[in-house]
Each structure stands twice: as structure tokens, then as C-alpha cells.
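Welcome! Here are some exercises to work through with the structure open beside you. Try each task before reading its solution.

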Amino acid sequence: MNFKKALIVYRKELMEMLRDKRTLFTTILLPIILYPLIFVGFSSLMSRQQVKLEEKGATIAIADSLNTAGSALIISDLQTIEHFSYLPYSPAMEKRFEEKDIHAIITISDSLSAENLHLIKFEVRFDNSSDQGRMLIGKLNKSLADTEKKMVEQRLIEQKLNPGILKVVSVVETDISTAQKKLGSILGMILPYLMIILLISGAAVAAADLVAGEKERHTLETLLVSSAQRTEIVIGKYLTIITMSMVNVLANLVSLYFSATYMVSQSGLETAGVSFPVSNFLILFLALIPLSTLYAAILLSISTFSRNMKEAHSYEQPILTISMLLGMISFFPAFELSNLMALVPVINISLLFKAVMIGEYQISHLLLTIGSTLLLDVLAIWGTIKLFNTESVLFRTEDDSSVKGARKNRKAFFSTFNGIIYFLIGLVVLFYLGSYLQGRDLGSGLVQTQIFIIALPVLLILRFLKLDSKKILRMKAPRIVELVLIPFIAIPAAVIVSLLSQLVNMVFPFPSEYLEQLGKLFQMKMPLWQQFLIIAVSPGICEEILFRGFMPRFFEGSSQKAVIVITALLFAAFHLDPFRFLPVFFLGLLLGYLTLRSGSIYNSMLSHTLNNGTALLAASFASHPIMQRISTGGDTLTFWLFVPAIVIFIIAIMMFHKVTANREDTCAE
Amino acid sequence: MIEVKNLVKEFNKKDGSVYRAVNDVSFEARDGEIVCLLGVNGAGKTTTMRILSTVFKPNSGTALVQGYDISKEAQKVRENLGFLSGDTGLYNRLRPREFISYFGRLYGLDNAEINRRIDDMADLLDMKDFLDKKIDVLSSGMKQKVSIVRSIIHDPPVMIFDEPTSGLDILTARNIISFIRDCKDKGKCVLFSTHIMREAERLADRIVMIHRGQVLANGSLEELRAESGALDLDDVFIFYVNRFSMEPEVKEHEF
């Protein structure tokens, strides 16, 4: 790797970028024009709106059924409010009120307080959803409060008391926040979001052009046959993306800065002691560089993977959306930077910005943020170089992903990509439809979820593709000896799974609502055998069809071990439950092993049913003396059970491994 | 000098099967010699040349370009190689001079050297008028000339042309043909591929016929004519393709 050559590539790419009118317009020209326009437009619009609202005033109908000196005083005070006009109330006013011709109706009547003292009841009907309504009620309240104060003083004087006795507490507010800090907190909310978006969008425009664009224009091969090494090419392009994204951020910031200061000076606001925190801007700008490098690497690898610009743009889209959502964290008041948060990309920068803008940040957080981002960056750039050196990626050819194509080419349907897409669609359906079904009725909802969302689609797809479901799903009779061993595997496994959950609970304590939700599952009011069908048998069959029958077929390009791990990960993710991820992952590994090793899905079906059944029985008989002995109250088991469980489990697995020694390949065709 | 030794290149097809695009190809091209890879579309010509240009890596076998191994010394190979094909496009936003200088710098030449060579070539190919216009606005003939200069800016001893005249009009194609002859006269080793028999007939010192990834025949036009007994290169080519297709039958009879 010769850095000089990377620089040659970089200089040329930059020159090309700056010659592209579109890029030039979006990254530099647009921000320069946009902010002044936005600010000038907004501020003139806002001030005009405010004046207009005040001038518009309000028309109010008053019904005074009291006609006392008190009510007269109130009304005469109300009449001093500027731009407000009053009409005497008549039933006809109701219609005008509805038509918004009249903005409020006030009724003054007689009332008694709890202490049987005279009260003047002042009723206002108004529309709080309109700007005018809110303005109106504010002014009315202020006027009323003044009048009330006058009347109370009057009363006290009549009683020969000093009106001063009413004052008990004197509130003195000292706002320690400086104007500087106030400005910082507002900027700290908006700026991180804005800057992250700008950074990424600037990078995305450049990245798509740099590799996918070269593929589209057939210039990539020209570059590849030159004496530049691929690493040099990648580094050169990578630096170009970083530069373009930072230029975009800088152009926006500078334009934003000038138009904002201009607006402040024009508005005649109190600006003494307030200056835009230029030094903070600088810190932020520097802190953005690592994030910029991370995105440059990620977007460059997307561009490398894509066949053309259009494809690159569509692959970039989800990255942009996710980053925007992560960047929005600065809008939430509750989030502050911690050591843990400082390790999460995008979120850390967003929160760091917020802290820097109010002048309260820790150097350790700054370093952690930059360090962790740089670490990810190194990984990402390494991956990009790898990708760039992979022929099958750099020269990816068209694949037929149409439904017709899938039918024509059944084997092609089972690709890793399709597997992940199928899984994601399933996850979304489960999330919406599944929770809807279970919300209506937990028991039947669970069964419907299992059958209609998890199992049936698989069977229908296999039917549609005219594939042999029995063969694909490994529905092959297991041997007796395997079936005999399964209980010795499944029941200890259930104990291990349960203990794993308890371990997770110790590290990340389950929230109480979560436990309540989980408890509902075991407290359904129905006979035990029905519960057994719902909780143990139906997932035992349906989930196995999907995760041990169908999903492994998508990943057959990988080794058997990898297939087991991948499907177990998907299985764990499918439960949409971060607290049970680890235990379910363990269960997934076991079940995947049982099926793939023996070539028969019935083994894992039985094992899954036994596992869930054991958990159900343990929960149902929690108060039984036997359970009392092995549990520490409720459905938590004592830890010493781990020892016999793991011993039996290991022995049984070893025996299973032995008896299936000559069967492991029977499923592969 | 190019020496190709038992080159094999396989691609994974989407249905999981493996397609062998180049199947045990061996041949060589000496300095001052024009060798033509002749074959129909999809015969494996482009794949072979892409391997020689180090864009693709072979599954097995190797090749030496000017004595450098394409797998182990890829950069040295590229430094000694000029490559021109339908897929070596130009950067439309640059000017010819900038475009050529860019590649010159990548080859490690200094600016004075680059400018001298550009001026020489511009005189030769009559490019003075458009050297400083945007490539975007050039005609395809002008672009072809820019590509030629780009491929030879570092004065490589070995030149590879992959279907250099495909899609070009007669006048532009003539530019290329004379450029190829010029390379030979300067003592360079030239390998070019085509599916146009006439082009092979006119240019090649030696013809390597390639079909379904395999070498059918390798020899001068006269040698091939003599062996096949046909005069027209079309007929010569058909003769070898037929002999290749017959082979399995011959083998069957042997058993």
C-alpha cells in the first residue's frame, strides 16, 4: 500500500466531485442559500403571526346573572383588555359561538364555597385547541386575577385588616442558567440531529457515485487495471467521502451560524452576554470526524456491493433512516451520556453534542465516544477492503429474484438473502398480527399465532414451489433409541434453560411488568391438558417446522455448525424478548443440533414439547412439596440442580451423538 | 511476453452449480508478436484477459506477464501491461489531459514525463483539438483515442486488447488496428481478442482458437489452414469446433 497513490486517487475523485454540478449544488450551494431563506422567512412569518393574533383580539358574549358591584367590577376590568369586544349574552349567541363568530361565552353566577361563603362563579367556554383560544384564556385569567386581588383587598379593608397579611411566601427566582447556556441547550437539541443527518447525506451522495457509479459508467475496470492497488483505491475513495461529508457539514454550519446571528441581531432580542459558542462548534466539528469515517466506510462497502447507483441508493436508505432515528435521541430530555452510552455509535455523538453545547461534558466520555467510533471504523474499513477484493461482490451479476424465477429454479429460492428476508417478514407479521391475536384471547391467540403465522406459510410456500415438504422439512421417522434418549436431553435442558434465565435476571433484573406478562401465560384458566397443548405441543410442532425444518435450508451454503448457530440466533430473535434471548438461543442450538444431526425433525419436536412442558409443570405445581424442595420460591429453581442437570444432559447428548454417528448426512441431498 | 499456464476459472451460478469459464488454457505470446484469441461470444476470451489483467483471480494455474506472476506480483504485472477493452470506460467529468495524467501518476510517472508523452501521442493520433475539452462532449472516435493513450501512457512492454473494435465505426476501428500494428513494430508483445475472423486474419501472427473455455488450436494462420485443409478462416474455425465436438464420440469408441 502506497499512500501517495491513495492520495492521487483522492485528488482526482475530489476534482471529479467538485465538477459534478449536482453534488456541488447539494453540498455547498444549497446550504448557503437555504438557511438565510429559512430564517428570514420563519422570523418574519412568526412575528407577523403573533402581531396578527394580538390585533385580532376576541369577541366574547357575557351573561351576568349576578348584577352586583363585584360582577360589574370584573366586567369593567375585562373591558380594559385591548382588542377584546363584548356582547350581552342571548340564546342566539350559542349559534354564533358554534360558528366561531364569537370566541368565548362567559357566564357570571352565584355560588357558595365549602365554607358557605359567597363566591362569584366565572365560567368560560372557549376552544383551547385554537391559538386564539389559548391567547384569550391567558388574557382573561390575568385580568381576573388582578380584579380578584383588588376585591380581596377591599374585603380585608372592610374587615379592618391589613391586606399585607395575605402575603406569606415571597418567591425569589434566581435563574443561574446564563443566556449562553440557554442557547446551548436549544442548540444542543437541534444541532446534533441536524449535523448527523448532514454528515450522512453528504457521505451517501459521494459514496454511491464512487464505486457503484464507476461500475455503472464502466470505468471501474480502467482503474483496476492501472497499477494502483485495490487498497490504495479504497483508501483514496474513502478519504473523498470523508471530505465531502465534512464539507457538507461545514458549509451548513457556517451558513447556519451567519444566518442565525443575523436573525438574532435583527430581532432586537436581549443579546448581551450571548455569543454563539464558536469554540464548542469546533469541538463538535472535530468529534464528527470519527463518525464521518465510520459512515464513509459503511457507505463505501454498500457502494461496492451495489451493481449501480440506483441499487446503492436503495441500500443506503435503511442506514439513513436508522441513523436519523438514533440521532433524534438528543430531543429526549431524559437521556444523558454515560460510559455505556458512549459506546453506542451515533447515539454517543448525539448525546456528546448535547453535553458540549451546555458546556457540561466529561473528557472520558469524549474519549470513549471517539475511541469506540474509531474502533468500529477500523473494522468497517477493513471489511470494505475485503469486499473490494472479493470478485463475486465487486462483479456481482444479476440474480433472478422474481416469484416466477423462484418457481422455475426451486433450489435458488433457498438463498441466504431470501432466508433473512423471510425471517424479517415473519418477525413483522408476528409483531403486529401475533400480538393482536394474543391480545384478543391469550390461549387461542397463541395457537393461532403458531399455526397461521409460523407453520402454515412454510407449508404453503413448499406447496407453491412444488417441493417435497417431507424431504425439505426432514420429516423422517427417528429411531427408537433416539426417541428414548430425548427425554434425558430435553428435561435437563429445561432445567438449564430455566437457570440461564435466572442468571440473566441477576445481571439484568427483569422489570416487574415483564414478569406479570410472563406469569399470565401459566395462569390461564383452563385444564392442564389444554395448557399443555397451547404452551408445549403447538410450539413444539409449529416452531420446529419453521426453525428446524425450513430456515436451515436457506443457509446450507455454510457448514452445519454455522447453520445451527444462525438458526438458533434467528430463533432467539424471533421471541422478541431481550431477557430470554440467551436461554432461547441455547435451546435453539440444542434443537438445531438434534434435527440436523439425526436428520429427523421429530427429535427436536419432541424435545421442544418436553422442554416447554417441563416449564409448564414446574410453574403449575410450584406449591407442590416436591417442587418446594427444588425451588427457591415461585418458579425459580435452586442452583444445585444445575449439577445433576448438566451431568445427565452431557451423557445423554454424547450417547445421542454416538447413535446418530452414521446418520448425519442422510438429510443432505 | 505472456506465458499462460493451465489457467482455470470457475464462477458460481445462482442455482448453486459451478460454471467453468476457462478450462485449462495454456498459450504464450512473445515480444514483437501479435497473438489473437479467437472465439465466439462466451468462449472465455474476456475472462482469460481479465485474469491476465489481474482483475480476476484464477482458481488454478497461473500466467506470467513479462516474467511476473499474475497471482503473486499483481502490481508488477499491471505496471508492465497496457489494457484496453470495451469495459475500460472514461471519466466523463475530466478532460483528456487530466484523465491521462491521472493514470500516468498512478503508474508513478512524473508530470514532465506525462506531458511529454501526451504531447507526442496527441501529435501522432491528431488529438490536439480536443485534449482540453470535457470527455463528456467527445465523439466515440475521440474517446477511443483517449483510451489508447491512457493504455500506453506508461509505455508497457505488453499490450492486451479485449475486442478492441467492437461497437466502433470503420474509421475508429482503423485507428485501433493501426495502433496494434504500431505496438508490434515497437517490439511489444500484443494479445488481442476478437470474434471477427477477418480481423484475426489481417492482424495476427498467431491465432489461439478458444471454445467453451478450452484451447482448440494454436498456430499461425498458415499452420491452421494446412492442418484443417480449409482456406477461409471461417471454415478453419468451423473445422476445429467440429473436431472439438466430436471428441467425446471418439472417446466413446475407444472404450
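Helices (H or I, at least four residues) and strands (E, at least two) are DSSP runs, numbered from the N terminus. This is a predicted model: local features need pLDDT of at least 70, side-chain atom pairs count only at pLDDT 80 or more, and totals for chains, interfaces and linings use all residues. Residues are numbered from 1 along each chain as its sequence is written, while chains are lettered from A and ligands numbered from 1 in the order in which they are written.

**Exercise 1. Describe where chain A meets chain B.**

Step 1: Count the residues. Two residues are in contact if their C-beta atoms, placed from the backbone, lie within 7 Å. By this rule, 24 residues of chain A are in contact with 25 residues of chain B.

Step 2: Find the helices involved. On the chain A side, α1 (3–19), α8 (220–224), α14 (391–394) and α16 (410–413) each supply at least two residues. The most comes from α1(A), with five residues.

Step 3: Sort by class. Ala, Val, Leu, Ile, Met, Phe, Trp, Tyr, Cys and Pro count as nonpolar, Asp, Glu, Lys and Arg as charged, and the others, Gly among them, as polar. The side of chain A that touches chain B then has five nonpolar, eight polar and 11 charged residues.

**Exercise 2. Work out how helix α6 of chain B sits among its neighbours.**

Step 1: Locate the helix. α6(B) covers residues 170–185, 16 residues in total.

Step 2: Pick out its buried residues, which are B:Ile176, B:Phe179, B:Ile180 and B:Cys183. Seen down the axis of α6(B), they fall within an arc of 100 degrees (taken from the directions from the helix axis to the C-beta atoms), so they line one face of the helix. An α-helix has 3.6 residues a turn, so residues three or four places apart point the same way.

Step 3: Turn to the other side, where B:Ile170, B:Leu171, B:Ser178 and B:Asp185 are exposed.

Step 4: See what covers the buried residues. The cover includes β3 (34–38), α5 (140–152), β7 (158–162), β8 (189–194) and α7 (197–203) of chain B.

Step 5: Follow the chain onward. Just after α6(B), B:Gly187 takes a positive phi of about 85 degrees.

**Exercise 3. Is B:Asp155 buried, partly exposed or exposed?**

Step 1: Find B:Asp155 in the loop between α5 and β7 of chain B.

Step 2: Count its surroundings. B:Asp155 has 13 other C-beta atoms within 10 Å, so it is partly exposed.

Step 3: Look across the chain. B:Leu81 is 74 residues away along the chain, yet its C-alpha atom is 8.6 Å from that of B:Asp155.

Note on methods
Expected span 1.5 Å × (residues − 1). Buried ≥ 20, exposed ≤ 12 C-beta atoms within 10 Å, placed from the backbone.
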